[in-house]
Amino acid sequence: MKICVLPGDGIGPEIMAEAVRVLRALDLKAEMEEGLLGGCAVDATGTPYPEATQKLAREADAVLLGAVGGPKWDGLPREQRPERGLLGIRKDLNLFANLRPAILYPELANASSLKPEVVAGLDILIVRELTGDIYFGQPRGIETREVDGTQQRVGWNTMIYAEYEIRRILKVAFEAAQKRGKKLCSVDKMNVLECTQLWRDIAEEVAKDYPDVELSHMLVDNAAMQLVRAPKQFDVMVTGNMFGDILSDEASMLTGSIGMLPSASLDANNKGLYEPSHGSAPDIAGKGVANPLATILSAAMMLRYTFNQEEAALRIENAVKKVLAQGLRTGDIHEPGTKKVGTREMGDAVIAAL
Ligand code: NAI
Ligand code: MG
C-alpha cells in the first residue's frame, strides 16, 4: 500500500498527524510518504503542485490530503493560488467520481437542523460525477447579439455527457452500493433535459451487470425535497456534476457538523484522493483544537475504496462511533454534557478505541 500524504495548510498538518497515527496503529504495512501541496508548496517552491508532489501522487495508490489555502496566499495571481494545486492534482489523477457520505451519528442527532427522528441514524452516500456536465460543456460564454429585435447580452452553457462518462460513474455507484445497502437512486431531470434521458437509459443498461443492486430513478427537484423530508429512504445516490454539487452540499448539512465529513475522489481503477470536506480553517489553525475525525474517516474510506480493506475501514469507523459515545467532542460540536477535547486527545481516543 503506497500512500501519498499531503497535509497542506492551516489545520491540515494537525488533523493529518492524527489520521497518520491511526493508520499506523492498524499495523497495515502501509508505506506513507509526505509531500507539499497548496500554500506550503508555494512558499517552498513557488508553485502549488510541484513536480516532486506530482511524482509522489502518480506513483502512489492513494493520496490522503488535509486541506489547502488561507488568507496568506489570497493576494497571489490565480495560477499560483493554493486552490490551483487542488484542481491540478484532481485533473492530473483523472479523478471523475466524487463520493460524499452524509452520516449522522446518533450521538450528534441534535447537531442537525432537522428533527432527530427524521435524521437520527442517517447514512447515505452521494456519488457525483466530477469532470463533465454543464460545468465543462462547450460552447459557453457571454456575448452580445440580437434577441427579439434588440441587442442584448446572452449567457450560455451547454450540458454535455458522453456515454463513456455516464457509464463509468454509474459503475462506481453500483459498486459502492454493493458494498453498502444495495440500493441505488439515480437522479436526473429527464422530463426536460435530453442529456439526462441518456443518463437514465444508460443507468438501466449498467444495472443489468448488478442484479443484486436495486436501481430507482428520481427527478432532481423531488430528490432535493426528499432529502429534507425523509432522507433515510436513500442508501446511495448517483448524479451528474451540477446536481451532485448541490445535493451533496444539501445532504452534508443534514449532519450539521463540517468537522465530521470525509470524501473520496476516484479514478477508473479505484485509485483515489481522500480528504475531509472542510477547508483549512485558518481561524483555528495552530491551536490544536481542530476536529481530526473527517480526516480519520477519509483514511477509512481510502482503506475501503482503494485497498478493499473493508474490515480495517470498519475498525476505524467503529472506533469513531465509540469515541462519540464516550462523550468526547472537539470545539466544533461541543454541547452541554459532553467533554471538550483537542485534536491530539481526539486522535488518542480513537487509537485507544481501536
Ligand atoms: P473552512 O471549512 O476552512 O472553515 C469553515 C468554518 O468551519 C471555520 O469556522 C472553521 O474553523 C470551521 N472548521 C472547518 N473544519 C474544521 C475542523 N476540522 N474542526 C473544527 N472546525 C472546523 O472553510 P472557509 O473558511 O471557507 O475556507 C478557509 C480556507 O480553506 C480558504 O482558503 C479556502 O479556500 C480553503 N478551502 C480548502 C478546501 C480544500 O482544501 N479542499 C475546501 C474548502 C475551503
Ligand atoms: Mg459545492
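What distance separates the centres of domain 1 and domain 2, taken over C-alpha atoms? In this predicted model, the centres are 27 Å apart. The domain assignment builds domain 1 from two stretches of the chain, 1-99 and 259-354, while domain 2 is the stretch 123-253. The contact between these domains takes 11 residues from domain 1 and 13 residues from domain 2. On the domain 1 side, strand 4 (97-103) and strand 11 (262-266) are the elements that give two or more residues. Strand 4 has the largest share of that side, with three residues. By class, the residues on this side of domain 1 are seven nonpolar, three polar and one charged.

Next comes the interior. In soluble globular proteins, nonpolar side chains tend to be buried together. Here the largest nonpolar core has 105 residues, and Val-127, Ala-173 and Ala-299 have the most contacts inside it. Helix 10 (residues 293-305) gives the largest share of this core, 10 residues. Domain 1 and domain 2 each supply at least three residues to the core. To see what surrounds one of these residues, take Ala-299. Once its neighbours within four places in sequence are left aside, Ala-299 is in contact with Ala-19, Val-22, Leu-23, Leu-64, Tyr-274 and Ile-316.

The model also holds a ligand. Which residues come nearest to ligand 1? Of the 23 residues around ligand 1, the nearest are Gly-69, His-278, Gly-279, Ala-281 and Asn-291. The shell around ligand 1 is made up of 11 nonpolar, eight polar and four charged residues.

In the unreviewed UniProt entry, the annotation "binding site" covers Arg-90, Arg-100, Arg-128 and Asp-221. These residues are spread over 132 residues of sequence and are also spread in space, with up to 28.9 Å between C-alpha atoms.

Is Arg-128 buried or exposed? Arg-128 is in strand 5 (residues 123-129). A residue counts as buried if 20 or more other C-beta atoms lie within 10 Å of its own. Arg-128 has 27 such neighbours, so Arg-128 counts as buried. Asp-221 lies in helix 8 (residues 220-229). Asp-221 is exposed because 12 other C-beta atoms lie within 10 Å, and the limit for exposed is 12 or fewer.

Leu-219 lies in strand 9 (residues 214-219). Leu-219 counts as partly exposed because it has 16 C-beta neighbours inside 10 Å. Residues up to four places away in sequence aside, Leu-219 touches Asp-188, Lys-189 and Asn-191. The C-alpha atoms of Leu-219 and Thr-196 are separated by 9.9 Å, and these two residues are 23 residues apart along the chain.

The last stop is the backbone itself. Most residues other than glycine have a negative phi, and most peptide bonds are trans. Which peptide bond is cis, with omega near 0°? That bond runs from Gln-138 to Pro-139. Pro-139 is found in the loop between strand 5 and strand 6 (141-147).

Asn-94 has a positive phi, near 55°. With 14 C-beta neighbours inside 10 Å, Asn-94 is partly exposed. Asp-148 also has a positive phi, near 50°. Asp-148 is placed in the loop between strand 6 and strand 7 (150-156). Asp-148 has 5 other C-beta atoms within 10 Å and is therefore exposed.

Methods. Residues are numbered from 1 along each chain as its sequence is written. Chains are lettered from A and ligands numbered from 1 in the order in which they are written. This is a predicted model: local features need pLDDT of at least 70, side-chain atom pairs count only at pLDDT 80 or more; totals for chains, interfaces and linings use all residues. A residue is near a molecule or strand if its C-beta atom, placed from the backbone, lies within 6 Å of it. Ala, Val, Leu, Ile, Met, Phe, Trp, Tyr, Cys and Pro count as nonpolar, Asp, Glu, Lys and Arg as charged, and the others, Gly among them, as polar. UniProt positions are given in the numbering used here, feature names are shortened, and annotations may be inferred rather than shown by experiment. Helices (H or I, at least four residues) and strands (E, at least two) are DSSP runs, numbered from the N terminus. Domain bounds come from an automatic or database domain assignment. Two residues are in contact if their C-beta atoms, placed from the backbone, lie within 7 Å. A nonpolar core is a set of buried Ala, Val, Leu, Ile, Met, Phe, Trp, Tyr and Cys residues joined through C-beta atoms within 7 Å.
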